[in-house]
Amino acid sequence: MGQSFTPELIRLLKEAGCMFVRHGKGDHDIWHSPRSGTSFPVDHKILSRHTANGVLKQAGLPKQF
């Protein structure tokens with residue numbers, strides 16, 4: 001399998017001021033973005049760049065992958 005995009009994604013979220021809220025169900029964590037004002041799930045092992053960019057979109061950030 002390929003490399004996980006999650007570590008880099010989490011670094012980008014933290015730099016943008018997003019905050020970890022809580023652990024969700026399964027292998028997801030819930031994060032909150034002050035930029036978009038929404039909470040969103042982040043999987044522990046994101047293998048698709050499209051999914052990683054989708055998380056960034058929910059956080060109100062531009063594509064990075």
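These entries record what I looked up in a predicted model of one protein chain.

**Fold.** I began with the secondary structure and noted two helices and three strands in the protein chain. Read from the N terminus, the order of elements is α-β-β-β-α.

**Dimensions.** I then compared the radius of gyration with the globule rule. A compact globule of 65 residues would have a value near 11 Å, and the protein chain agrees because its own value is 11 Å. Along the principal axes, I recorded a C-alpha trace spanning about 35 × 25 × 15 Å.

**Burial and surface.** I noted that 29% of the 65 residues are buried. The accessible surface comes to about 4200 Å², with 55% of that belonging to carbon and sulfur atoms.

**Contacts.** Of the contacts between residues at least 6 apart in sequence, I found that 40% join residues at least 24 apart.

**Charge.** I listed 9 positive and 5 negative side chains, the centres of the two sets lying 6 Å apart.

**Aromatic pairs.** My search returned two aromatic pairs. Phe5 and Phe65 are edge-to-face, at 5.2 Å centre to centre with 70° between the planes. This pair links Phe5, in the segment before α1 (6–15), to Phe65, in the segment after α2 (49–58), 60 residues apart. Phe5 is partly exposed at 22% relative accessibility, and Phe65 is partly exposed at 24%.

I next examined Phe20 and Trp31, also an edge-to-face pair, with 6.1 Å centre to centre and 80° between the planes. Phe20 lies in strand β1 (residues 19–23) and Trp31 in strand β2 (residues 28–33), so the pair ties together parts 11 residues apart in sequence. Phe20 is partly exposed at 41% relative accessible area, whereas Trp31 is buried at 5%.

Notes. Residues numbered from 1 in each chain as written. Heavy atoms only, no water. Helix = DSSP H or I, 4+ residues; strand = E, 2+ residues; numbered from the N terminus. Rg over C-alpha atoms; globule rule 2.2 N^0.38 Å. Buried < 20%, exposed > 50% of the residue type's maximum accessible area, 1.4 Å probe, protein only. Contact = heavy atoms within 4.5 Å. Areas by Shrake-Rupley, 256 points an atom, 1.4 Å probe, with all protein chains shown as cover. Lys, Arg positive; Asp, Glu negative; His and termini not counted. Charge placed at Lys NZ, Arg CZ, Asp CG, Glu CD. Phe/Tyr/Trp six-rings, centres within 6.5 Å; stacked < 30°, edge-to-face > 60°.
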